[in-house]
Structures are given as structure tokens and as C-alpha cells.
Amino acid sequence: MTMAETMDNKSGNRPLMSFVVTYHNEDISMLRECLTSILSLSLSKAEKEVIVVDDGSDICPMNELMEYGDNVIYVRKPNGGLGSARNLGITIATGTYMQFVDADDYLITAEYERCLDVARYKNPDMVMFNFTRNNKVEQNMTVVDETPVAGVDFMRQNNLRGTSWGYLFKKDVIHNLRFPADIVHEDEEFTPQLVLRCERIFSLDSVAYFYRVHSNRITTSNDKRWKLRRLDDTETVIMRLHRRSDTLPYEERQALRRRIAQLTMDYLHNVIVLTRSRRFLDERIETLEREGLFPLPEKAYTRKYAIFSKMVKTSVGRNILLATLPIISHRK
């Protein structure tokens, strides 16, 4: 389907769900598995739209998608990264709710149905759920907590997972918020700002998303330049969120600063395990100090945070961390 045809659909009835599948050179069998998982959901044709955003793949997969007919909207763009692909998906999507899915992952149908039930009957702004790397997941029959929480309260009381595929959300909540297109870890900047805009969040224990781990994912690259870019971009996200927090009302500012502190801890952890360099660690800490982001706040957010924040403040503690922290397990 062409862009013009897609935009014409905006004049019709609004579907319940828009699924934005971002694709770039993944194996076509993975894309098919992803699309099948979405199309298997208990949504009528009028209740869903599935948008594949091809971010400038080397070989156009359009012929491989012909079998899906008008059940899938295909859009191709020049390569610009995940952020720009998701932004195009936001522009095209007409659904009341949106869900991002990476083309090499898929939805776990039975568990995701619970999320859809909340979207249908609870009027949420966001529904959060869990993910797995195990493709054999038992169905969870736990009853959903019917009490929603505001985003600012959720962020003040919980660790936030930044991955943009870990929730469905009401499109009208997003307003002018978009993914940064100039960095990796773009969802770490996007997600906390989106959560703060939500008044009704349901956090489910449903394991509703399968995240595929394989060697050619960008998040598993061992290239030295990629590691440095990954660290630089994380630092950029931290700085941007920190400056953004200064413009927010008190409650939202406190909520976002908890997230910033956690991101900063993760960033310093990654500096250690990706570089194993005391000099590099000290240089990065000095940069954070100049921005008022170090030392880390003395808060008991988690046991790991409390221990790490104390150790990284001292020279002896940094040496211990450099000697003992394990090699990082790559994940989104």
C-alpha cells in the first residue's frame, strides 16, 4: 500500500490498535513470524492496522508481503535509524492505541490478549507488560489489578524499563513527543517523557513480548567504535533528560530525576564493563560532575543502586568495581 493510500485511511473509522513494525534487513522469516503473531490476535480487520516501516533495507521485502494483502500497510523510507522509523509510524498510525514491535521479535498472543482486554474495557493511557527470551511461555491467568496509577507516581515508586516495545499506549497522549533520530537508545529518552504524560497506567505481569537474541542485532555488537557510540549516546540522553527535568513541576521533576539517576548508574556500569579503563571512567565521571549529575543521589531506589552509588564515589570503590563487575549482558 502506498503512502497516499495510507493517509486516505485516516478518513475512515478509527481502529482500536495500530501496530508499527520497524524493519531493516532482518530475515524475512522473522518478519513473517512477527506479522503472524499480530494478525493472530482477536482483533477484527476494522479494529487493527499493521504498519511495516522499512527503514531503507538493502532488499525491499514488499514482494514477500503480498500474501498479507491489505492486512498490512507497507511503507519504505531512506535509512535513518529506529527513531526516525518509529516517528514515521506515529505519523501514519490512526489507531486509538499504538504498539511498537521490532521485526525480529513477536507478540505472545495469549498473553497479549490480556493487554488488549485492558485497552478495550479500562480506558488506559498505557498498558505495560513483561518480555521474555524464552519461546516457551506458560499462559498467566493472574487477575488484572483494576486500579490504574498516574505516570508520575509510577516513576517515583518503580524502576522504569525504557524499551518502547514494552507497552501499548494511547496515541492521543503523545501529542508532539517524538523519538530522537540522532542517537541509539532513542527509547530511553522517549519512554520516560511519555510515561509522565499518562494519567492511567496499568502494569501487568503478562509475559506478552518475545525478544529475540541473535548475533547480528545492533545491541550485541562488540565493535569498539560501536561501544563508544553507545556510551556517548547514553550520556546524551542523560543530559537531555536532566535539562528537561529543570522545566517540569516539582512532582514530575522528582519522578524524572529518579529515572535519570538510574540511567546514570547503568551508564557508569556500562563504562566499566565495556572499557575496563579507570582513566576513561574518571573522565566520564568528571563530565557528569560538571552537569550536577554526580555523585549519584543517596537514595535506596534498589539494593543494587544503593551499593553501586556508594562504591563509585570513592577511588577504592571504583577499582573494586573495575575488577569485579561481570561482562555486560547485551539487551535493549
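Is R276 buried, partly exposed or exposed? R276 is partly exposed, because its relative accessible area is 35% (buried is under 20%, exposed over 50%, partly exposed in between, with a 1.4 Å probe and protein chains only).

This is a predicted model, in which local features need pLDDT of at least 70 and side-chain atom pairs count only at pLDDT 80 or more, while totals for chains, interfaces and linings use all residues. Residues are numbered from 1 along each chain as its sequence is written, and side-chain values use heavy atoms, with hydrogens and water left out.

Stay on R276, in the loop between α9 (250-275) and α10. Its phi is positive, about 55 degrees, although R276 is not a glycine. Helices here are DSSP runs of H or I with at least four residues, and strands are E runs of at least two, numbered from the N terminus.

Next, select H175, in the loop between α6 (171-174) and α7. H175 is not a glycine either, yet has a positive phi of about 50 degrees. Its relative accessible area of 59% makes H175 exposed.

Move on to Q193 in helix α7 (residues 186-196). Q193 counts as buried because its relative accessibility is 16%. A polar atom of the Q193 side chain lies 2.9 Å from the backbone oxygen of E189. Leaving aside residues up to four places away in sequence, Q193 touches L177, L241 and R244 (contact means heavy atoms within 4.5 Å).

Then select F294 and P295, which are joined by a cis peptide bond with omega about 0 degrees. P295 sits in the loop between α10 (278-290) and α11 (303-311).

Finally, show the whole chain: twelve helices and eight strands. Of its 332 residues, 53% count as buried.

Conventions:
Polar contact = N/O pair within 3.5 Å; in protein donor to acceptor, adjacent residues only side chain to side chain.
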